[in-house]
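Me: Got a model to go through with you. Can we start with the ligand and then do the fold?

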Amino acid sequence: MKKIEAIIRPFKLDDVRNALGDKIHGMSVMEMKGFGRQRGHSEVYRGAEYKIDFVPKIRLEIICKDEEAENLIAIICESARTGKIGDGKIFLSDVQDIIRIRTGERGEAVI
Ligand SMILES: Nc1ncnc2c1ncn2[C@@H]1O[C@H](COP(=O)(O)OP(=O)(O)OP(=O)(O)O)[C@@H](O)[C@H]1O
Ligand SMILES: [Mg+2]
């Protein structure tokens with residue numbers, strides 16, 4: 001199982017969600033702030049260049065089966081991209097186990 005953490009532009013959330021459609025089984029969405037290589041400078045947010053270090057972003061967290069990950073990453077890249085600096089990043093990692101609290105089930109069946 002894999003965890004896809006995608007940091008995207010807030011206004012791209014609906015596009016990404018729609019593009020993923022029913023290919024995902026669940027998703028967590030968090031509002032956050034951060035900076036990348038430009039340290040927040042020279043990024044445009046809502047028409048104005050951001051003068052502070054932190055730029056508002058959305059963080060998506062999706063847990064999926066190993067074989068689903070690359071397709072989901074491709075969909076996120078395509079739907080979140082503007083081509084300008086600050087489009088975001090995707091972090092991919094392994095997930096050791098999943099537990100459904102209600103039933104105590106574990107593993108891939110819980111996805
Ligand atoms: N090395 C990192 N560690 C943790 N979070 C990061 C890292 N790099 C980027 N992020 C997160 O991703 C968000 C978007 O980063 P950003 O798209 O600016 O990356 P970048 O590497 O600067 O690429 P670009 O040149 O396209 O802007 C940041 O606001 C931050 O939340
Ligand atoms: Mg950047």
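Me: How many residues surround ligand 1, and which are the closest?

Reply: This is a predicted model, so local features need pLDDT of at least 70, side-chain atom pairs count only at pLDDT 80 or more, and totals for chains, interfaces and linings use all residues. Residues are numbered from 1 along each chain as its sequence is written, chains are lettered from A and ligands numbered from 1 in the order in which they are written, and side-chain values use heavy atoms, with hydrogens and water left out. As for ligand 1, 15 residues surround it (one of their heavy atoms within 4 Å). The closest are Gly34, Arg37, Gly86, Gly88 and Lys89.

Me: How far is an oxygen atom of ligand 1 from a polar backbone atom of Arg37?

Reply: 2.7 Å. A polar backbone atom of Gly88 is also 2.7 Å from a ligand 1 oxygen. For Gly34, a backbone N or O atom lies 3.2 Å from an oxygen of ligand 1. The cut-off for a polar contact is a pair of N or O atoms within 3.5 Å.

Me: And what share of ligand 1 does the protein bury?

Reply: 73% of the 610 Å² that ligand 1 exposes when taken alone. Areas are Shrake-Rupley with a 1.4 Å probe.

Me: Switching to the fold. What is the strand order in the open sheet?

Reply: β2-β5-β1-β6, four strands with antiparallel pairing. Strands are DSSP E runs of at least two residues, helices H or I runs of at least four, both numbered from the N terminus. Strands pair if DSSP finds at least two bridges between them. β2 (28-34) and β6 sit at the edges, each pairing on one side only. On average, neighbouring strands are turned by 20° against each other, direction ignored.

Me: Which helix packs on the sheet and touches β2?

Reply: α1 (residues 13-20), which touches β1, β2 and β5 (heavy atoms within 4.5 Å). Its direction makes about 15° with that of β5. Axes are lines fitted to C-alpha atoms, for helices over the stretch in contact, and angles run from 0 to 180 degrees between N-to-C directions. α2 (residues 69-80) lies across β1, β5 and β6, at about 5° to β1.

Me: Why is β1 largely enclosed?

Reply: Six of its seven residues (2-8) are buried, so the rest of the structure largely encloses β1. Buried means under 20% relative accessible area, with a 1.4 Å probe and protein chains only.

Me: How many bridges join β1 to β5?

Reply: Seven, with β5 covering residues 55-64. Six bridges join β1 to β6 (residues 89-94).

Me: What are the bridge partners of Ile7?

Reply: Arg59 in β5 and Lys89 in β6. Ala6 has Ile90 as its bridge partner in β6.

Methods:
Buried means under 20% relative accessible area, exposed over 50%, partly exposed in between (1.4 Å probe, protein chains only). A polar contact is a pair of N or O atoms within 3.5 Å; within protein, one must be able to donate a hydrogen and the other to accept it, and residues adjacent in sequence count only if both atoms are side-chain atoms.
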